Amino acid sequence: MQLKKMTPRRLWILAGYAAAAAALFSAPMFVSDFRLNLLAKFLAFAIVALGLDLIWGYTGILSLGHGIFFGLGAYAMAMYLKLEAGGGKLPDFMGWSGLKELPLFWQPFGSFGFAAAAGIALPAILALVLGYFTFRNRIRGVYFTILTQALVIITTTLLIGQQAFTGGTNGVTGYSEVLGFPLGSPDTKRALYWITVAALIVIFLFCRFIVGSRFGKVLRAIRDGENRVRFIGYNPAIYQMVIFAISAGIAGMAGMLFVLHVGIISPSMLGIVPSIEMVLWVAIGGRGTLVGAALGAILMNWAKSEFSTAYPEGWTLFMGLLFVIVVVFMPKGVAGLIGQINFRKKRREPNHEGVRNPAV
Amino acid sequence: MKESAILQCDNVTVEFDGFKAIQGMSLKLLKGELRFLIGPNGAGKTTMLDVICGKVRPSSGQVTFNGKIDITRKKEHQIAELGIGRKFQAPSIFPSMSVAENLEIAMRQNRSVFATLFASMKSEESDRLHSQLQMIGLQDKASWRAGGLSHGEKQWLEIGMMLLQEPEVLLLDEPVAGMTDKETDKTGELLHEIARQRSVVVVEHDMEFVRNFASKVTVMHEGKLLKEGSMDEVQSDDRVAEVYLGKRRDADVSRSTA
Amino acid sequence: MKKRLFYQLGLMSVALSLVLAGCGGNNAPASTNEATDAPSESANAGTSAGGEIKVGILHSQSGTMAISEVSVIDAEMMAIEEINAAGGVLGKKIVPVLEDGASDWPTFAEKARKLISEDKVATVFGGWTSASRKAMKPVFEELNGLLWYPVQYEGLEASPNIFYTGATTNQQIVPSVTWLLENRGKKFYLLGSDYVFPRTANLIIKEQLKAEGGELVGEEYTPLGHTDYSTIISKIKEADPDVVYNTLNGDSNVAFFKQLKDAGITAQDLTTLSVSVAEEEIRGIGVDVLEGHLAAWNYYQTTETPTNKTFVENYKKKYGDDRVTADPIEAGYTAVYLWAAAVEKAGSTDVAKVKEAAKELEWEAPEGKVKIDGETQHLYKTVRIGEVQADGQFKELWNSGEAVKPDPYLKGYEWAASIQPTE
Amino acid sequence: MDVYVLQLFNGLSISSILLLVALGLAITFGLMKVINMAHGELIMIGAYSTYLTQNLFKDYLPESMFDWYFVLAIPVSFGIAFVFGLILEMSLIRFLYGRPLDSLLATWGVGLVLQQVARSIFGAPNVAVKSPTWLDGGLRIVDGTLLPYKRLFIIALVIVCLAAMYVYIYRSHEGRRMRAVMQNRDMAACLGVSTRRVDSMTFAIGSGIAGIAGCALTLMGPIGPSLGTYYIVDAFMVVVLGGVGKLVGTVLGAVGIGMFNTLFEYWTNASLGKVLVFVCIVAFLQWRPMGLVAMRTRSLD
């Protein structure tokens, strides 16, 4: 709210962002195709983390159902890719599930534009509808979190059960090209990587805008005291709905990018485990800071990838311990750690406030 | 006087699981009036404020705002938008936000999502905010985290937020509870200032504090209206003395044995 | 047995202290390292590659599928060790690179990509669920890698980059249904977990029942991880079938069979035939519950072939007396040997050459003589129907006599016309 | 007709299993507000304890004694899970009071660790627990309707657990302290109750009951490292549906979910039945966000 002056600190931060962006854009020159593909996936996850941070870190709503939104976006894109790969033929899994012609709701996904739009709009609309009921009924905190888990169960069970339409547990895989470019070629992969970097930057800036706006301040106020906000004259339910929908849309977009990089989406990606993992990325990176959330997603996935290669038979032990230690002893995550070093002298952080629990 | 009651509560009854917290309470607040609501613990004072600001739905009765609008059916944020502000007993500010940010979002403005998303601080708003900071004496702490303020400062911040909200009716629940004498004095000054511009209902225990204001006092007891009048009238009323001072004596006793 | 018990009790107390140390946040990495590094001596590959050939082993070591897949890893590692002890392949040592698929299909795809493009492995042995195979398939096709898939599956697939060493439908399901119709009755109840293999298998069975005079009296799918079968059992009772054809997967089998027994239904009252219950699963369900029930496989620990005796002995010697071998374990073991033989024959690990050399390749596997079908890259396998005995082993009731030619698209069956993909 | 009797019984049986699984959670989550995602793993610990007890009997005691291992397994499972719970509380949970959502994430990590540890100790495949012969068979009420003893036993076990919990919480001295601390921590502390001790004990008891649940589940289902993951969400649904903090609510929640589950599954199929049950839960919580039996408070948040 103060005038934004070009203080040295601000300059440094700007320079840091520029360097990070430059590094990301030039990564294809330094890393192997496989690593690039991996990095691209991590960046897609970073996008989810940003969206999740908006509702958890800033608004104090913990959704353990973001896998659904991520998955919806991913499925929308997967449906397009599958139809594109089939070249007019029925997708293979429909064949072996006894379906003879393309179901009506699949048909529009033959168009890339429709699929891309649906990949963002469907999760957002679903979130809006869910949010309308839950937030209007003032379901929050733990109750909301557990409710989202129930939704995850419903969605995955349905997806798995409707194998003829969704590919069942296998999910949708076996793509060949996107908009005529072969997915297997390194050039396409590089292009997709750059698109992902660009998307990450755009989403990051968009989140910055939201967080910095008065809207963002109201969100933080809701986190601090939802009822208090109500007595000032805001309707928290609307704000929660909107930010939930935005967050879901962002997750959907990340899901689309994920499919393009990984080449498969299956109901397991919508399950409870990935949904909790997404939240953990944010927790470990540092909730309530956008950089932290994005960084957390990249770091955690990198660590997971490395650990599982180094100790394929015991890596979950390390991951579990890491989660425990960070959540319990570093509630502000990696970003909080850096922040503590930097700003210890600058602000008086009153002790008795302790660690704010954002949601209750 | 047909000249408008800004707030009219008629025959309000509130039930919690069969227990009647308020039984047929009526209250009429005139425009520009400063009204104190007193009574022993459990008299239903806070619940009365809760009814007015929409936190609690009455099981029967009506609350009319500005002579025409029945607000018992409205939601909290709609009531706040209409112009009824509420300050809770425990300071409830937004602790992780700065003092200035607290004031900024409380300010009277278009509170739709779209408006706040694209709102920018206009110079007129900035001025208002600064003069408010001045008034509550927090001009040097504008960028502090609100959670780091002292108890009294938090109370003033909340009062400041209420004022920027520019309500026509302000409901204050024990604004000086837990304050030092000095803080209490300052709060008194603030209250005088506030009462000049709008209608105020104050729930208060501190008799000394109430006596500083020459205004009407409503005494509640067991969810009912006991007595309404000036401080002197109230104090000379036998029934008030009985329920109130009786309680008072008990309180003294318990304090001395503590 | 007692030793093992003490070992487990001891580790349990170690675990207690570990949790204590770990949760306290102090010196956690140090203490956990000891606990987890022990069994993985051979896992750390990836150093120099002078006289070495790297191969990938990609199964789930964590998550829900680990219950099944871990034993396949053991078999594959054993085969690699045996081959190395006998001089390796092309005079070079085989070095396994282990990765964890984590019961998560996208992870399988990622790790497959890593093994091929980063580790440059000559081939990969991996997968269990159809879903994991479907996830890996595009990766192997894109990067022209080679995958050996060791589990019976639902057919309708023949990727040029995959060798299928488990049974396809005409080597397990189709003959078993025919046998049941001839020996146990006409009324079938189909019970499966809700995923691709059971649904496709049942699609096939339904067509076959129509063609061969069977009757379908019920069909049920339960979500993965379903643990209460009381309602299903009521439904089965009502339908009164001659045969329950069971395509449930691992954990659900435990719940189903335990509760079936509790409901007072024994193998004498009702025939069940399972296609995912092998010796290993019997161990986890309990023999008392399973005795008398049927299964269809290509291999049992009791199968009498020249090589099986040594295979079982070696496996037990290496992994403990209480371990058992089973069909997928044998198929994983066979896969490694077949690959090694193909490489020797080709004189190279080049994928195209190995594929060429593998055509019509024969090997004396523990299950009997197997031959790679050049066209589909599946194996010729002998079909066996077995009955669970009191010792937890199978008694073979019937076998197909000779190795059956794989027919993943069931082209040799007229009634299957509607299932085959329309070109 | 028979079928309906049987289905009614099945519904009751599922309810009892759900209740047993959720009882521990009703304490740790319901009373202490710790979202213990490792609850499933505590159940798993109970199941493996039963397995170990069985093996001890098999190896060291005469054959004729074997059937009685299960009687001992119940307290053993309780004890081991209790100790694990105690350790967990003292080393970790105590940092998480008042941070329910953090407790969710941290205990999820604990769950991962415990699963991996179990996998390292007992191996990834399932292990078998042979149920005692005195629980084989069932009670024949009408022709063709057999009520398995195991299911009856679990129903009885739940009733005993419930009664014990009721007596402990509402009738014992310790329980009074427990309730005091859970309702007003500061006040209880002022009155000289050691809140740390009460917290530890409460959490450990909740964990111990999870252990009993694990022991009982060996009668019905698989015993493997990921055993807990099958029950954890259901357990939370029971507690939330019933209303957090009320034992009666948990019972009602379990009966509701169990009965509807059986009905839906019978009318449709297992997948759809599950979906319908969860849809009902979600819809119900929209209508009554605080669950079947809600505690009312007048506080702002």
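Colleague: At what angle do the axes of helix 5 of chain D and helix 6 of chain D cross?

Modeller: This is a predicted model, so please read every value as computed from it. The axes of helix 5 (residues 149-171) and helix 6 (residues 173-183) of chain D cross at roughly 70° and come within 5 Å.

Colleague: Why are helix 5 of chain D and helix 6 of chain D called roughly perpendicular?

Modeller: Angles of 65 to 115 degrees count as roughly perpendicular. The crossing angle is roughly 70°, and therefore helix 5 and helix 6 of chain D get that label. On the helix 5 side the contact is made by D:Y168, D:I169, D:Y170 and D:R171, and on the helix 6 side by D:E174, D:G175, D:M178 and D:R179. Sorted by class, that contact has four nonpolar, one polar and three charged residues.

Colleague: Which order do the five strands of the open sheet in chain C take, and what makes a strand an edge strand?

Modeller: The order is 2-1-3-4-5, with parallel pairing. Strand 2 and strand 5 (162-164) of chain C are the edge strands, as each pairs on one side only. Neighbouring strands of this sheet are turned by 25° against each other on average, direction ignored. Helix 13 (residues 327-346) of chain C packs on the sheet and touches strand 3, strand 4 and strand 5 of chain C. The direction of helix 13 of chain C makes about 170° with that of strand 3 of chain C.

Colleague: How do you know that chain B and chain C do not touch?

Modeller: A contact needs C-beta atoms within 7 Å. The nearest C-alpha atoms of chain B and chain C are 29 Å apart, and the two chains do not touch.

Colleague: Which chains share the most contacts?

Modeller: Chains C and D do, out of five pairs of chains in contact. That contact takes 51 residues from chain C and 44 residues from chain D. Helix 1 of chain C gives the most to the side of chain C that touches chain D, with 14 residues. By class, this side has 22 nonpolar, 18 polar and eleven charged residues.

Colleague: How many residues of chain C are in contact with chain A?

Modeller: 42 residues of chain C are in contact with 40 residues of chain A. The side of chain C that touches chain A has 19 nonpolar, eleven polar and twelve charged residues.

Colleague: Where is confidence lowest and where highest among the elements of chain A?

Modeller: Helix 15 (residues 333-343) of chain A is lowest, at a mean of 73, and helix 11 (residues 236-262) of chain A is highest, at 96. Over residues 344-360 of chain A the pLDDT is below 50. Chain A averages a pLDDT of 88, and 92% of the residues score at least 70.

Note on methods: Residues numbered from 1 in each chain as written. Chains lettered and ligands numbered in written order. Predicted model: local features only at pLDDT ≥ 70, side-chain atom pairs only at ≥ 80, totals over all residues. Axes fitted to C-alpha atoms, helices over the stretch in contact; angles between N-to-C directions. Helix = DSSP H or I, 4+ residues; strand = E, 2+ residues; numbered from the N terminus. Parallel < 35°, antiparallel > 145°, perpendicular 65-115°, else oblique. Nonpolar A, V, L, I, M, F, W, Y, C, P; charged D, E, K, R; others polar. Pairing = 2+ DSSP bridges. pLDDT = per-residue confidence, 0-100.
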